[in-house]
Amino acid sequence: VITCRAAVAWAAGKPLSIEEVEVAPPKAGEVRIKLVATGICRTDEHVLQGCFPNAEFPVIPGHEGAGIVESVGQGVTSLKPGDKVIPLCLPQCGKCSFCLNPESNFCQKSHISEAQNLLPDKTSRFTCKGKRIHHFLWVSTFAEYTVTPEYAVAKIDAAAPLDKVCLFGCGFSTGYGAAINTAKVKPGSTCAIFGLGGVGLSVVMGCKAAGASRIIAVDINKDKFAKAKELGATDCINPRDFQKPIQEVLTEMTGQGVDYSFEVIGHADTMIAALASCNMNTGICVMVGELDSGSEISIDPMLLLTGRTWKGTVLGGWKMRDDIPKLVSSYLEKKFNSDLLITHTLPFAKVNEGFELLRAGK
């Protein structure tokens, strides 16, 4: 058993508490990882506010990390101590019908199919003050050590800087893949991205890599515009600068609406605006943002009747164990610069300050 620090969420609506926790050794088919770096993603904020589906408290959140394998359980063959890895909040079991389908990336062992608050044997590897602590998406990267199933870990290039590639565990991969894999953005096309956080900016990068000729970035925080332009946006617009709905502005700017739109915020009204802003016949709108658990959206069916496509994406459509190592290799070959997404680097003890920066849009 390893004793280390972790940021524990004891209850919804409370700040994280840095605690000393015990991390049990990996059982058969499991891996124990020493985490080196983690990103903070808005999904973690959903957990803290109690609006993430089926999460249970107390819990160690965090799902965007990178580390080094410390030990492996019986039967683990694809990983060994010392390997650099990214734990995967979307597993790839390799056996379910979705994993076996080349067009699907949504493993049926994922949290949306069956809760990942405990490891597959329905026990936890975390205890604190004599209490069982829940896992989050099996990865719980807000701990100095974590235990995950082997099929929820990707081995990456030994040269990868862990403090930079931790973003590939969720944010960067989700946004970049939403453009490349889910929308399949075509060269010369027009795109609109609603929301310019880390994931939205990654969508901008994906649209640029795919050869889009016009990339319109939409946000009410104009401080995000300079970074969006640096990463490839051709236009930046603030909905508050107009008297009319933003979908009308985008339709006027492009003539028939954009070819591809992406909602990367997680609000019902912006989801409808994103859908309405793409071409009424061949436009594709991709839902990347995450609404609060239990939310509903009502839309005018005419938005879809004329031929638009409205689709969601999970982790950017990547088959995680197969594709994350390839993305890391592309990063090392300097095919894109995801380092530009990193705004602040904080010591682990200041994790709550990180959430304050997130809430402030910084």
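Guide: The buried residues of helix α8 are covered by elements that include β10 (190-194), α7 (246-254), β13 (260-263), β14 (284-287), α9 (302-305) and β15 (309-312). Helices (H or I, at least four residues) and strands (E, at least two) are DSSP runs, numbered from the N terminus, and contact means heavy atoms within 4.5 Å. The model is a predicted one, in which local features need pLDDT of at least 70 and side-chain atom pairs count only at pLDDT 80 or more, while totals for chains, interfaces and linings use all residues. Residues are numbered from 1 along each chain as its sequence is written, and side-chain values use heavy atoms, with hydrogens and water left out.

Helix α8 itself spans residues 268-277 and is mostly covered, with seven of its ten residues buried, where buried means under 20% relative accessible area, exposed over 50%, and partly exposed in between (1.4 Å probe, protein chains only). Those buried residues are T270, M271, A273, A274, L275, A276 and S277.

From there one can turn to the nonpolar cores, each a set of buried Ala, Val, Leu, Ile, Met, Phe, Trp, Tyr and Cys residues joined through side-chain atoms within 4.5 Å. The largest has 91 residues, and F168, V185, I193, C207 and F262 touch the most other members. Helix α5 (residues 198-209) supplies the largest share of this core, six residues, and at least three residues come from each of domain 1 (2-171 + 317-353) and domain 2 (183-312), the bounds being taken from an automatic or database domain assignment. Beyond its neighbours within four places in sequence, I193 is in contact with residues including G200, V203, V204, C207, F262 and V264. Another core, of 16 residues, lies apart from the largest one and has V218, I237, I246 and L303 among its members.

S338, in the loop between α10 and α11, counts as buried because its relative accessibility is 0%. Leaving aside neighbours within four places in sequence, S338 is in contact with L167, F168, F172, M205 and Y331.

A further region is an open sheet of five strands, ordered β8-β3-β4-β5-β9 with antiparallel pairing; two strands pair if DSSP finds at least two bridges between them. Its edges are β8 (145-149) and β9 (153-155), each with a single partner strand, so one side of each has no neighbour in the sheet. Direction ignored, neighbouring strands are turned by 45 degrees against each other on average. Helix α10 (residues 320-332) packs on this sheet, touching β5 (84-87) and β9, and its direction makes about 40 degrees with that of β9; such axes are lines fitted to C-alpha atoms, for helices over the stretch in contact, and angles run from 0 to 180 degrees between N-to-C directions.

Within the sheet, β3 (residues 30-38) pairs with β8 in the antiparallel sense over five bridges, and seven bridges join β3 to the antiparallel strand β4 (residues 65-72). I33 stands opposite T146 in β8 and opposite V69 in β4.

Finally, helix α11 (residues 351-359) has V351, G354 and F355 as its buried residues. They lie on the same side of α11, because they cover an arc of only 100 degrees around the axis, the arc being that of the directions from the helix axis to the C-beta atoms. These buried residues pack against β1 (2-8), β2 (17-23) and α1 (42-48).
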